[in-house]
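Have the sequence and the model open side by side, and let's walk through them together.

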Amino acid sequence: MVATPIGNLEDITYRAVRILGSVDVIACEDTRHTMQLLSHYGIRKRLIACHAHNENESAKGIIDLLDSGMSVAYCSDAGTPGVSDPGARLAEAVRETRRHRVVPIPGASAVVTLVSAAGNIGKIFTFEGFLSPKKGRRKSRLEALRAQGNAFVIYESPFRILKTLEDVREVIPSCRVIAGRELTKAYEEIISGHVDEVIESLRSKDRVKGEFAVIVVPEVNDDNAEEDTEPEA
């Protein structure tokens, strides 16, 4: 399971390049997308598609390849497989055979990338990924996330980002937001402030472009923001 860059093609590990260059077959979410990455590093391999709509069936074919003695790497389009991306069902299917190892090759992930630049969001955060496109379900989930009392991270498209942030403001009106757009790409932008400020900043643009990762920090919880200094029993 090979993590690949979320934007900047230099954000790939030496190990990932070596693995991609040494396996017999590369399974991927989108062969065209992965081909661009492989071409950048001069790697030519047989590619097979394994995406959200065919993952269960494709997993059977990949297991057949493994049974035949071939080595297979899996890449989702960007970031780490299984993190709001296909790959989890494939990993589970391979592990259930008890004949083959599932080996993680760590690397880029939008959630960790944004958290690293966000500042103090507390010791605990929840990774939610994409919320429902349906307003009612989206708000219900936001209510549940607010009840947890910790920061949480969501992903959102440029087409729904303002609607989602407006729902966030309605459910958690005093929250702080850190919105990362086009992370690691040429037009990377990180906007931080009260949810009202972030909404107004995005509204001021002629057009909102790029995929978003967003951290929502509810009302300040001092117990969560500070390290536990109580002595051990």
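A word on conventions comes before the tour. This is a predicted model, in which local features need pLDDT of at least 70 and side-chain atom pairs count only at pLDDT 80 or more, while totals for chains, interfaces and linings use all residues. Residues are numbered from 1 along each chain as its sequence is written, and side-chain values use heavy atoms, with hydrogens and water left out. Helices (H or I, at least four residues) and strands (E, at least two) are DSSP runs, numbered from the N terminus.

Let's start with three strands that form an open sheet in the order E2-E1-E3, with parallel pairing. The edges belong to strand E2 (46–49) and E3, and each has a single partner strand, so one side of each is left without a neighbour in the sheet. From one strand to the next, the twist averages 25°. Two strands are said to pair if DSSP finds at least two bridges between them. Strand E1 (residues 25–28) pairs with E3 in the parallel sense over four bridges, and four bridges also join E1 to E2, which run parallel.

Buried here means under 20% relative accessible area, exposed means over 50%, and partly exposed lies in between (1.4 Å probe, protein chains only).

Now for the helices around this sheet. Helix H3 (residues 55–67) lies across E1, E2 and E3, running at about 150° to E2. Axes are lines fitted to C-alpha atoms, for helices over the stretch in contact, and angles run from 0 to 180 degrees between N-to-C directions. In H4, the buried residues are Leu-90, Ala-91 and Val-94. They cover an arc of only 95° around the axis, which puts them on the same side of H4; the arc is that of the directions from the helix axis to the C-beta atoms. The buried residues of H4 pack against H3 and E3. Just after H4, Arg-98 takes a positive phi of about 60°.

Next, step back to the loop between strand E3 (72–75) and helix H4 (88–96), where Ser-76 lies. Is Ser-76 buried or exposed? Ser-76 counts as buried because its relative accessibility is 1%. Its side chain makes a polar contact with the side chain of Asp-85 at 3.1 Å. A polar contact is a pair of N or O atoms within 3.5 Å; within protein, one must be able to donate a hydrogen and the other to accept it, and residues adjacent in sequence count only if both atoms are side-chain atoms. Leaving aside neighbours within four places in sequence, Ser-76 is in contact (heavy atoms within 4.5 Å) with Thr-4, Glu-29, Pro-81, Asp-85 and Pro-86. Ser-76 and Val-2 are 74 residues apart in sequence and 8.1 Å apart in space, C-alpha to C-alpha. Ser-84 lies in the loop between E3 and H4 too. Ser-84 has a positive phi of about 55° although it is not a glycine, and with a relative accessible area of 33% it is partly exposed.

Finally, move along to helix H6 (residues 135–148), which has 14 residues and reaches 20 Å from its first C-alpha to its last, close to the 20 Å expected at 1.5 Å a residue. The expected span is 1.5 Å times one less than the number of residues. Arg-138, Leu-142 and Leu-145 are buried in H6. Seen down the axis of H6, its buried residues fall within an arc of 60°, so they line one face of the helix. Their cover includes strand E4 (125–130), strand E5 (151–156) and helix H7 (161–171). The face of H6 turned away from its buried side carries the exposed residues Arg-137 and Ala-147. Just after H6, Gly-149 takes a positive phi of about 85°.
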